[in-house]
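Thanks for coming, everyone. I'll take you through one structure in a few minutes. Please look at the model first, and then we'll start with a pair of helices.

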Amino acid sequence: MSNPQRGSVEFRAIRKNYGGFTAIPNLNLTIEPGQLVTLLGPSGCGKTTTLRMLAGLETPSAGSILIGGQDVTRLPANRRDVTMVFQSYALFPHMSVIENIAYGLESGGMGRSEAKAAADKGLDLVGLGGLGKRLPSELSGGQQQRVAVARALVLEPQVLLLDEPLSNLDARLRRRVRTEIRELQQRLGFTAVYVTHDQDEALAVSDRIIVMNQGEIAQDGSPNALYEAPASEFIADFIGEANVVSGEIWSNDGNRAHLRIGGMETTLPVQGNLAGPVRVALRPNAFTLGAASGLAGRVLSAAYLGDHAEYEIDTELGRLFVVDRSDRALLPSGSQITLGLSGQGVAVVGRS
Ligand code: ATP
């Protein structure tokens, strides 16, 4: 009988101490089957520890972990029905690509010819059909990582764990392989937990991003929600570029608030009756240049980037990073300019 919870993950009140140091104080997290969920956060925030506890490579100090509805807290790694793709690929250098992929199946008890057929299929899946006889050293880095993904996928785990899988690839390849991993995950519908410290990568691949800070969940939501409605200065700063400045809500009817920021004004949807001095995150696209009234500024630096221009503008709110996608000619350094708000890219991130 198929398990309706197959592929689900649950962390219940998980704590992890390393000696006297508490890396994770109390983690509660549920992951739905078929989602690609990214653990994102600065170095040392606990994302690798979280992934390794799910894999069975670290033991929680307290709490329980469920995979597919089954409590696996005390199960060893090899009995957990998860497989991990490491940043180092960890392919056996003396074995061919096909042997590498078939290895896990054979050591799990599958006969040689059946394992080889499954490995061939796995190789096709990642677009490397025909390269099975090569040694790993005869493949590019991106191809090796795809072999590592194929090797994990042929085991048909409930959950695929990816630990910074792209960090050994150069920027262009990283973009391509991340698209491939996402495409594969959506096509096959498996659950994936993906660890990265690269926010662009997280925005690009995830159904849901869990941003961690000092062992706790700082915010949990879709890429869009995190970018459009960061819950704190930390998130606004961490996800995308943001100018975090002081402003004031001078009226609020519980649905829409009127916000004044250094002579610029806008309205935005709010929940609750927040009023008075607030901290506001302004995305680089939040501004209009050359407004009739607003915030006076002086261009400190200007860069032409084809489809947009980037400016650093000195204002009474501090230096602002501004992106202009209009067809206005590039403003030279030293120009005086009045900034207004475009109505997008504004989020209140806390009280002042
Ligand atoms: P990075 O992006 O640098 O890999 P991370 O978010 O994955 O960081 P973890 O590796 O989970 O962070 O570490 C979380 C905290 O636990 C850090 O403060 C780290 O120093 C500590 N830590 C991790 N492993 C151990 C260990 N084996 N012994 C002691 N402390 C550890």
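Start with helices H2 and H3: their crossing is right-handed. Keep in mind that this is a predicted model.

How do we describe such a pair? Two packed helices are described by the angle between their axes and the distance between those axes. Here H2 covers residues 97-107, and H3 covers residues 112-125. Their axes come within 8 Å and cross at roughly 120°. That angle makes H2 oblique to H3.

Which residues of H2 and H3 meet? From H2 we have Val 97, Ile 98, Ile 101, Ala 102, Leu 105 and Glu 106. Facing them in H3 are Arg 112, Ala 115, Lys 116, Ala 118, Ala 119, Asp 120, Gly 122 and Leu 123. Sort this contact by class and you get 9 nonpolar, 1 polar and 4 charged residues.

Now the second pair. H4 spans residues 141-153, and H5 spans residues 171-188. The angle between them is about 20°, and their axes are 10 Å apart. So H4 is roughly parallel to H5. H4 also passes H5 in a right-handed crossing.

On the H4 side, the contact uses Gly 141, Gly 142, Gln 145, Arg 146 and Val 149. On the H5 side, look for Leu 173, Arg 176, Val 177, Glu 180 and Ile 181. The residues of the H4 contact with H5 divide into 4 nonpolar, 3 polar and 3 charged.

Next, the ligand. Which residues are around it? The list is Tyr 18, Phe 21, Ala 23, Gly 41, Ser 43, Gly 44, Cys 45, Gly 46, Lys 47, Thr 48, Thr 49 and His 197. Two elements give two or more residues to this shell: strand S2 (21-31) and helix H1 (47-55). H1 gives the most, with 3 residues. By class, the shell has 4 nonpolar, 7 polar and 1 charged residues.

Last, zoom out to the domains. The domain assignment gives domain 1 as 9-233 and domain 2 as 242-351. Their C-alpha centres lie 38 Å apart. How many residues of each domain are in contact? From domain 1 there are 5, and they are in contact with 6 from domain 2. The side of domain 1 that touches domain 2 has 2 nonpolar, 1 polar and 2 charged residues.

To recap the helix pairs: H2 is oblique to H3, while H4 is roughly parallel to H5.

Methods. Residues numbered from 1 in each chain as written. Predicted model: local features only at pLDDT ≥ 70, side-chain atom pairs only at ≥ 80, totals over all residues. Axes fitted to C-alpha atoms, helices over the stretch in contact; angles between N-to-C directions. Helix = DSSP H or I, 4+ residues; strand = E, 2+ residues; numbered from the N terminus. Parallel < 35°, antiparallel > 145°, perpendicular 65-115°, else oblique. Left-handed = near helix turned anticlockwise from the far one by under 90°. Contact = placed C-beta atoms within 7 Å. Nonpolar A, V, L, I, M, F, W, Y, C, P; charged D, E, K, R; others polar. Near = placed C-beta within 6 Å. Domains from an automatic or database assignment.
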